[in-house]
Number of protein chains: 2
Amino acid sequence: MQGVPVLTAVELAIGTELLETEQVLAEELQSDNPYVSDILQHSTRFRGKRLRPMLLLLTAKASGGIRQDHKILAAVVEMIHLATLVHDDVLDDAETRRHVATVNARWNNETSVLFGDYLFTHSFHLASSLETTYACRRIGRATNIVCEGELSQIKERGNLDLCEEAYFKIIDGKTAELTALCGHLGALYAQAEPAIVTAMEQYGRSLGLAFQIADDVLDLMGNEGKTGKSLGSDLQKQKLTLPLIRLLSTASDADAAEIRQFLAHPDETTRDRLAPYFERSDAFQYTHQKAKSLANDARRQLELLPMTPARRILAEIAEFAVQRSF
Amino acid sequence: MQGVPVLTAVELAIGTELLETEQVLAEELQSDNPYVSDILQHSTRFRGKRLRPMLLLLTAKASGGIRQDHKILAAVVEMIHLATLVHDDVLDDAETRRHVATVNARWNNETSVLFGDYLFTHSFHLASSLETTYACRRIGRATNIVCEGELSQIKERGNLDLCEEAYFKIIDGKTAELTALCGHLGALYAQAEPAIVTAMEQYGRSLGLAFQIADDVLDLMGNEGKTGKSLGSDLQKQKLTLPLIRLLSTASDADAAEIRQFLAHPDETTRDRLAPYFERSDAFQYTHQKAKSLANDARRQLELLPMTPARRILAEIAEFAVQRSF
């Protein structure tokens, strides 16, 4: 693996199965209804990293082998992720995603709400094509927890006193629950032993947390052209994320008062106004350290697995989760 | 049954099982998250007719007997219905439902979108507690069709040339698919023979159509105080329903032109402005006739069943579906 770029390695390890997952998605996401068909067609252009299918297939490969059910499950988790993105774009009033107009921008909010529902219900329909109710039950529970996490985030909007613990609880629900499920289902449906199933679930959880922290950093410091999505939306929506929580808790009283003023009245200049405060703070280093430590947690969970290309890629993904934003 | 009010008869026939369904709902719709718990608490005040659980339990009772699974299924369909109502209230900007502030009015649209998702995912989680994936699969498919129906409705908003056929296709998806499912699951889980399962599904479908037509009439002609919800929203959203489709297709050219003017620029006076046109049209009689014919279709589906109190109530519900709005 040394020297092989991670995406090429993924291609080599699970390329065929990722393609088969894409086929499942393409076959499922069709509709006789021309309006729905147009939206489905448009939404294929949001095609992202496919992180969740990748995670599910790689943990399967690393812990026993990929079976037919895994491809269904990989398509299911991607559909759920897509549903949450469509609804997130409504909540955030986002105009672009992956350089493409969001469903709410291209059509309207009503269409986005219903299209998200369409994807949610479709994913459950697909999950129930498996032999037992086990996956349906786990997926139902996990998506329920995702919703609770997102609701908590809405509740805490505008709370400039949000603490680190509450932040972690929110991202554990809204992001890490689903990546933990990918690890769990990947290993379980590969008939791995219980200790490995637990370890893969924990791998997914730690990785999800690290990814979300990186996403939150990008929203504060990233480049719109490069990321292809509307940024700064956390500030606009007064959602406190880890760098800001750290900044506020370590700033001088005078600085903290100024920062709170900016946060309380957000506009398009807020990101720039905060920059000098971040420069004289350890907030980004601190956040980086937290993300790194979670990525290390994730990597440690891999120790029970035999040394295979899939295991090495899982380790590299944990590395990548942190690097991409720091 | 003669002379016994229909609700008392329901009480006698399935009172215990409806109560057990309420218990399932109350146990399921709990959360450790205080924000979610508050919304759940508030939403119990929307408690409506429980038409769908009633249908499911009555068709079960009439076609073989109510089992434990039926109470779970009844709670599942009610949760799905509640999820669609919560999202409908966002789409319609509705302020009250059953005399109580909607989730979007009391909290905000974001909370409503996520709370609807929470109810959807919770209903699937509950459905997957049954032994097989059959119900999950049917419920997943039906809710998917509901979403397609609602999306078609959005697409046709503002289309003043909507024809009857397209209207029926929309309400068949957004409303009748779920009531058809209630009939299907009620009979199937009572181990009724296939002909009865098909008949009960068709009963649910015809009844759902009749109910939706009645709802659409109420939105045009009802009394807000009596119905407890915001009315006239179809006009505000430029959604053409059966009475208007008939009115437009039978009005003189001059009248039709005036009506189109009102519909194209809706405001709070539109309902009153349309009243004189309706008075000199057969639109309401025609709509009534259509609803009555669907109710008759529904009643005819009951002929295969043994004559029991449950069957008689199903017949009366079909009657009631039409009477309540004409």
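## Basis of the model

Residues are numbered from 1 along each chain as its sequence is written, and chains are lettered from A in the order in which they are written. Because the model is predicted, local features need pLDDT of at least 70 and side-chain atom pairs count only at pLDDT 80 or more, while totals for chains, interfaces and linings use all residues.

## The interface between the chains

Chain A contributes 37 residues to the contact, and chain B contributes 37 residues. Two residues are in contact if their C-beta atoms, placed from the backbone, lie within 7 Å. On the side of chain A that touches chain B, at least two residues come from each of helix H2 (34-43), helix H4 (68-91), helix H6 (109-127) and helix H7 (134-155). Helices are DSSP runs (H or I, at least four residues), numbered from the N terminus. H7(A) supplies the largest share of this side, 13 residues.

By residue class, the side of chain A that touches chain B holds 15 nonpolar, 15 polar and 7 charged residues. In this division, Ala, Val, Leu, Ile, Met, Phe, Trp, Tyr, Cys and Pro count as nonpolar, Asp, Glu, Lys and Arg as charged, and the others, Gly among them, as polar.

## Two helices of chain B

Helix H1 (residues 6-28) of chain B comprises 23 residues, yet its end C-alpha atoms are only 29 Å apart, short of the 33 Å that a straight helix would reach at 1.5 Å a residue. The expected span is 1.5 Å times one less than the number of residues. H1(B) has a kink of about 80 degrees centred on Ile14(B), where the bend is the angle between axes fitted to the seven residues ending at a residue and the seven starting there. The buried residues of H1(B) are Val10(B), Ala13(B), Ile14(B), Glu17(B), Thr21(B), Val24(B) and Leu25(B). A residue is buried if 20 or more other C-beta atoms lie within 10 Å of its own, exposed if 12 or fewer, and partly exposed in between, with C-beta atoms placed from the backbone. Among the elements covering these buried residues are helix H3 (51-62), helix H4 (68-91) and helix H16 (309-323) of chain B.

Helix H7 (residues 134-155) of chain B has 22 residues, which should span 32 Å at 1.5 Å a residue, and the 32 Å between its end C-alpha atoms agrees. H7(B) is mostly covered, with 17 of its 22 residues buried.

## The nonpolar core

The largest nonpolar core has 203 residues, of which Leu58(A), Ala210(A), Leu314(A), Leu58(B), Ala210(B) and Leu314(B) touch the most other members. Such a core is a set of buried Ala, Val, Leu, Ile, Met, Phe, Trp, Tyr and Cys residues joined through C-beta atoms within 7 Å. Apart from its neighbours within four places in sequence, Leu314(B) is in contact with Leu58(B), Thr59(B), Ala62(B), Tyr203(B) and Leu302(B).

## Individual residues

Thr143(A) is placed in helix H7 of chain A and counts as buried because it has 28 C-beta neighbours inside 10 Å. Neighbours within four places in sequence aside, Thr143(A) is in contact with Ile80(A) and Thr121(B). Thr143(A) and Ile80(A) are 63 residues apart along the chain, with 7.8 Å between their C-alpha atoms. Lys71(A), in helix H4 of chain A, is also buried, with 24 other C-beta atoms within 10 Å. Beyond its neighbours within four places in sequence, Lys71(A) is in contact with Glu17(A), Glu20(A), Thr21(A) and Val24(A).

Arg50(A) is not a glycine, although it has a positive phi of about 60 degrees. Arg50(A) lies in the loop between H2 and helix H3 (51-62) of chain A and is partly exposed, with 18 C-beta neighbours inside 10 Å. Gln238(B), likewise not a glycine, has a positive phi of about 55 degrees. The loop between helix H11 (233-236) and helix H12 (242-250) of chain B holds Gln238(B).
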